[in-house]
Amino acid sequence: MKSKRADSKPPFTKILVANRGEIAIRIMRACKELGIKTVAVYSEADANAQHVQLADEAVLLGSAAPKESYLNADALIRAALDSKADAIHPGYGFLSENASFAAAVESANLTFIGPSADSIRAMGDKAEAKILMKKSGVPTVPGFEGLASDEDFKKAAKEIGYPVLIKASAGGGGKGMRVVNAESELSDAIESARSEALNSFGDERLLIEKYLADAHHIEFQVFGDKHGNLVHLFERECSVQRRHQKIIEETPSPLLTPELRAKMGEAAVAAAKAVNYYNAGTIEFIFDPTTSQYYFLEMNTRLQVEHPITELTAGIDLVQWQIRIAAGEKFPFTQSDFHQHGHAIECRVYAEDPANGFLPSTGSLLQFIEPHGPGIRVDSGFSTGSEVNHFYDPLLAKLIVHAENRETAIQRMQTALSEFIVHGVVTNIDFMQAVMAHEDFANGKVSTRWVEHTLESNSKLFDIGQQADQLQSLIAAALADVVFVGSKSQPAVSNETDPFNPWKQTNNYRN
């Protein structure tokens, strides 16, 4: 493949990274390799965060609340202009799929590193996107959009056949979604989904679809430039989920034949071309393994959390190419240039308690030791001494492995998980070990409802998590006894200037 010449001019002079945590650090690394200066933004809760320390400059946005900081579009644009940045990279989450923000960035004579506002708007509304896909010949899940009354939904459900899925027209992340198994459940599901959609997205519109109970979630990475070139970079299997949220992703999918992969890839490219798409995006499909039928689910008009597994198997730095495409460069590759090499798996390490409904766990990280070794990659924004707070997503790290085949990749992930040491908060590491060790995962028979049907009822697994929690508490107490000698109120060694001292008493939250 072609690569950037060592003496070529950087595509931008300075980029403001409108995000936090591991994705902000990932973007900054790509910028550094391209010779681009970076500007970090942060909330008061993130004053000592790693992404702030790694950037060339940093700008305080506001208080910890996201709407006062990372969701404050005006403050972000002002920070970019004041720091003389050329462009803004939104990462994922926050304002990354906000068409108004993308348009405002361009109106301020800055470059938005992502697709056009028009493309974001076209794909951001699930109902409108589904109508557009139907017109473009992309298979869609049987269903109806634009319904208003409960009676309309009842008629539609009868025509589709139960079970059905009630889904918010706007937004994503599993919000405003309800599975309905019988007409007696429909009215309550509509009411609760509508309420959640309104609270989450300010939009109460709903659509209804046939619910595929044992379906797989398979998505395709697409990538294009502003000159009309657009390709797919193969699929990611994302079926290990809880409450519609992905936990583990892998590529290639163990279900797809080469012929089916090519067919789905072509459909993904057609879907992206329907909205004149450029930069990184993902077309998500629901896949029925019993019929090998696939249906368009939605498009994510941004970089995905799970992009590293595509990078490892396709052999391309997606973030660097996001930046270069935003600067107007041509994407020099065609579809035939890309091939899948080996197998990659990503596990999302969360500060959450599987034994307690996966509720977030907060506190200081007394130990945070990442695994290392051949074929192991960790994308994280935390280290020992960091504070895990309740203001933001509880993702601690993305643990990624790459190997020559799926069996070896699973073994490598199991080893890496066993070597990932986190003390101070409860994590889902044991839970993911249980997934890796399960015969259903080994056989590729994990559907989107598999976790709740198979693992969430496993009391033995939760006992493991509880034992780990108790062990962490004992370790924390032992460490406190070692550090606080003589006087219980004074530490043996004072280091109040060290922001990563885990025993420092502070009112600041750190990431």
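Contact here means heavy atoms within 4.5 Å. Helices (H or I, at least four residues) and strands (E, at least two) are DSSP runs, numbered from the N terminus. You are looking at a predicted model, in which local features need pLDDT of at least 70 and side-chain atom pairs count only at pLDDT 80 or more, while totals for chains, interfaces and linings use all residues. Residues are numbered from 1 along each chain as its sequence is written, and side-chain values use heavy atoms, leaving out hydrogens and water.

**View 1. Helix H7 meets helix H8.** In H7 (residues 150-160), look for Asp150, Phe153, Lys154, Ala157 and Lys158; they meet Glu183, Leu186, Ser187, Ile190 and Arg194 in H8. Sorted by class, this contact has four nonpolar, one polar and five charged residues. (Ala, Val, Leu, Ile, Met, Phe, Trp, Tyr, Cys and Pro count as nonpolar, Asp, Glu, Lys and Arg as charged, and the others, Gly among them, as polar.) The crossing of H7 and H8 is right-handed, that is, the near helix is turned clockwise from the far one by less than a right angle.

**View 2. Helix H3 packs with helix H4.** H3 (residues 73-82) and H4 (residues 99-107) pack at an angle of about 30 degrees, and their axes are 11 Å apart. That makes H3 roughly parallel to H4, a term for angles under 35 degrees. Axes are lines fitted to C-alpha atoms, for helices over the stretch in contact, and angles run from 0 to 180 degrees between N-to-C directions.

**View 3. Strand S10 is mostly covered.** Nine of the nine residues of S10 (residues 216-224) are buried, meaning under 20% relative accessible area with a 1.4 Å probe, protein chains only. In a regular strand the side chains alternate between the two faces of the sheet. Follow S10 along: His216, Ile218, Phe220, Val222 and Gly224 point one way, and His217, Glu219, Gln221 and Phe223 the other way.

**View 4. Strand S10 and its partners, S13 and S11.** Two strands pair if DSSP finds at least two bridges between them. Nine bridges join S10 to S13 (residues 279-288), and the two run antiparallel. With S11 (residues 230-242), S10 pairs in the antiparallel sense over six bridges. Gly224 is a handy landmark: its bridge partner in S13 is Asn279, and in S11 Gly224 stands opposite Leu230. S10 and S11 form a hairpin with five residues between them, and Gly228 in the turn has a positive phi of about 95 degrees.

Key
Angles under 35 degrees count as roughly parallel, over 145 as roughly antiparallel, 65 to 115 as roughly perpendicular and the rest as oblique. Buried means under 20% relative accessible area, exposed over 50%, partly exposed in between (1.4 Å probe, protein chains only).
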